Amino acid sequence: MFGTQKPGGWLANLFDIQLKNIANTNVIYWGGKLLALWEAAKPYGLDPHTLETLGEDNLDGILAGGESFAAHPWIDPSSKLDGGQPCLVNFAIQPGLSTKITIYELDPTGKLLRRQSYSVPGFAFIHDFAITPNYCIFFQNPVSYNPFPFLLGYRGAGECLAYQPEQPTRIIVIPRKQNTEEVKILETQSGFIFHHANAFEEDGKIYVDSICYESLPAVDVGSDFRKVDFNANAPGQLWRFSLNLTDKTVGSKLLEERCCEFPSIHPNHVGNPYRYLFIGAADHPTRNAPLQGILKIDMETKTQQFWSAAPKGFVNEPMFVPRPNAEREDDGWVLTLVYDASHHRSDLVILDGRDLTSGPVARLHLKHHIPYGLHGSWSSELLGLGLKVTG
């Protein structure tokens, strides 16, 4: 989607609309399966012991031919629709002149609990969503898509996206329990969101904490990702959106000015009020720059802790793993892969979630580097051992 075209110019790419299922965005362990995810296709199954690729997985018949399963599922730790049992909530989109959003909810064995679809007007570029006990929330970014340069072989698919700053961001709120209330669409100021930290219901409103950008930078034809000018783009920052479904109004508030991305919270607080957020952040407090540290934010006291791998370390997504039988929300470990440029290798760094400033509890040196990745997950189910996997 965002890759390069085949060699040979426009003639070699003319009317070639076949996209490879790269399955490179996330990896989860659910229903006894280890699944590599990409939002525009089916999951790829992996052997959880050897990591051997097993091939596309239709989730035991849940997905028909051509259907997809997005790369940002959420696990509801205690679904009110299922007697307090956990369930996995995910979605798929089929963009076009109107966009179809399909929501899947699966029980811990991988069995389908609920499935519903809803069409929204216009093209939708949606990478992530958020959940609460009662709702799924989608931010429809103001982006247009012109397919003709792609069809004629002049551009890759990602190069045909264009940000529309004059258009609002639409927020689509879909009830998880079908036929109980109508889907509502709210509008807020223009911006672009890849990832959400969490959402929760409180005081008659829905609150959504998200990493928001002023715009989506264009993917220029022939651009070299190794020569990105970070100063030319505005940083991603943490914002809180408050949704009033009664009068269909949206409020917004900046929570963190520092450039940050890839948020992580305690898994038992997904969809519910929470106190602590862990997120990748730039080493400098005001500049847009690569992520080189892990920031911990206390939402109650507004205090922060920061651990930095700078100047030669570059972090991936942090992952919070709760300590068994812990009583405090931040009692656990924060795991992140760090690329060590001074040795051209990657380390698995483990931090104490209660005190990032004390430095790593452990640092596992790998023999080589791991290419910079996207998302991952933690599972304690495999042979009684923790398994950290990254897309």
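Which residues line the largest cavity? The points below take up this matter and then the domain arrangement.

1. Basis. The model is predicted, so that local features need pLDDT of at least 70 and side-chain atom pairs count only at pLDDT 80 or more, whereas totals for chains, interfaces and linings use all residues. Residues are numbered from 1 along each chain as its sequence is written, and side-chain values use heavy atoms, with hydrogens and water left out.

2. Cavity lining. The lining of the largest cavity consists of Ile 28, Trp 30, Gly 31, Lys 33, Leu 35, Leu 59, Asp 60, Phe 69, Leu 88, Leu 106, Thr 109 and Gly 110. Two elements, β1 (26–30) and β2 (33–37), each give two or more residues to this lining; strands are DSSP runs of E, at least two residues, numbered from the N terminus. By class, the lining has 7 nonpolar, 3 polar and 2 charged residues, with Gly counted as polar.

3. Cavity volume. A cavity is a set of points on a 1 Å grid over the protein atoms alone where a 1.4 Å probe fits but cannot get out; lining residues have an atom within 4 Å of a point.

4. Domains. An automatic or database assignment gives domain 1 (1–257) and domain 2 (266–390). Their centres, taken over C-alpha atoms, are 23 Å apart.

5. Interface. Contact (heavy atoms within 4.5 Å) involves 34 residues of domain 1 and 28 residues of domain 2.

Conventions
1 Å grid on protein atoms, 1.4 Å probe; cavity = no way out; pocket = protein on both sides within 12 Å on 5 of 7 lines; lining within 4 Å. Helix = DSSP H or I, 4+ residues; strand = E, 2+ residues; numbered from the N terminus.
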